[in-house]
Amino acid sequence: MHKDEIYMKRCLELAALGLGRTYPNPMVGSVIVHNDIVIGEGWHQKAGEAHAEVNAVASVNDKSLLKDSTIYISLEPCAHYGKTPPCAELIVKHQIPNVVVGCVDSFSEVSGKGIEMMEKAGSTVKVGVLEKECKASHKRFFTFHEKQRPYIILKWAQTKDGFIAPIDQVSGKPFWITSPESKKLVHKWRTEEASILVGTNTAEKDNPALTARLWEGNQSLRLVLDRSLRLKDDLQLFDNSAKTIVFTQKSKENLACTEYKTIDFSNLHKEIMNELYKRNIHSVIIEGGRETLQSFIDENLWDEARVFVGEANLEKGIPAPTLNTKPKSEEKVSTDILRWYFKST
């Protein structure tokens, strides 16, 4: 592996530390190297706070070394004023002569402008080191700005023989297909994404809380479809433990942590995506039942799917959603198999 790739790999490791905390900003990592020695590191830790490059520069004890150093960044430095000053301007200010960028920022307010600013100031800028990996790191941010919608993750668990639930739940309680370890992993995922969505049937029959109780981190925005407002107020989704938006076709007064948003259900998917885009929601996990999940698949409105396969067989029940693609990879989680699917672009 070339040394540029080694340092960029470190940038990606640092960037990942901000997962679930930086949106609506991207996760970015930065490393500063002087004479093949790392003298500074930083990452964007939280939206509204200092960017990766700022934290990396601040970590350098002897700032005079910056004039003879190389700064590595997983994403093109910003060139516009937002809640913080432009990072490209900071690099120019400290006269850092060499800049290595993982990938260009597709956000229109940046796209190429940061690189142009640094090159005009005399820095040598190299772009495209571990580009594929860097783009994958920024998949939520890029999808949001390029497609004007959040990054969509489908998630479900199915039995070994391909069912997601019994037809008749006599006990009235959810049928758990997967292991406690898989459940804990799902709670971790909830802290990493901006929102989670379920349909009416899942909300009513399973009564999920959709909160991250088994993992420390942010609580995602809860989204639920309830066209005719048939869901009862005593469901866990309305327990005020996290903010909830109910997409409905009827009107109802908002409550403390629950907002009722009227949309056109004849154009459901587009309406939801437009609403989440307006609210700057960069990612959503679809955790609904078969009907909701399959509707997103049929609309070709998804980016990745995470499918748990448990050990149990039901022999009959509600069939799992159907994806017309093969898994990219799979791994063992306790007694379960976790399969990862990615939509080809």
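## Salt bridges across the chain

Arg149 forms a salt bridge with Asp303, and their closest N and O atoms are 2.8 Å apart; a salt bridge here is a side-chain nitrogen of Lys or Arg within 4 Å of a carboxyl oxygen of Asp or Glu. Arg149 lies in the loop between helix H6 (139–147) and S6, while Asp303 lies in the loop between H10 and strand S13 (304–309), so the pair ties together parts that are 154 residues apart in sequence. Both Arg149 and Asp303 are buried, where buried means under 20% relative accessible area, exposed over 50%, and partly exposed in between (1.4 Å probe, protein chains only). The structure is a predicted model, in which local features need pLDDT of at least 70 and side-chain atom pairs count only at pLDDT 80 or more, whereas totals for chains, interfaces and linings use all residues. Residues are numbered from 1 along each chain as its sequence is written, and side-chain values use heavy atoms, with hydrogens and water left out.

A search of the whole structure finds 21 salt bridges. Among them is the pair of Arg10 and Glu41, whose closest N and O atoms are 2.9 Å apart. Arg10 belongs to helix H1 (residues 3–15) and Glu41 to strand S2 (residues 37–43), so this pair ties together parts that are 31 residues apart in sequence; helices (H or I, at least four residues) and strands (E, at least two) are DSSP runs, numbered from the N terminus. Arg10 is partly exposed, with a relative accessible area of 32%, and Glu41 is also partly exposed, at 27%.

## Helix H9 and its two sides

In H9, the residues Leu268, His269, Ile272, Met273, Glu275 and Leu276 are buried. They cover an arc of only 165° around the axis, which puts them on the same side of H9; the arc is that of the directions from the helix axis to the C-beta atoms. An α-helix has 3.6 residues a turn, so residues three or four places apart point the same way. On the other side of H9, Lys270 and Lys278 are exposed.

## After the helix

Just after H9, Asn280 takes a positive phi of about 65°. Arg279, in the loop between H9 and strand S12 (283–286), is linked to Glu259 in strand S11 (residues 258–262), 20 residues apart, through a salt bridge whose closest N and O atoms are 2.6 Å apart. Arg279 counts as partly exposed at 26% relative accessibility, whereas Glu259, at 18%, counts as buried.
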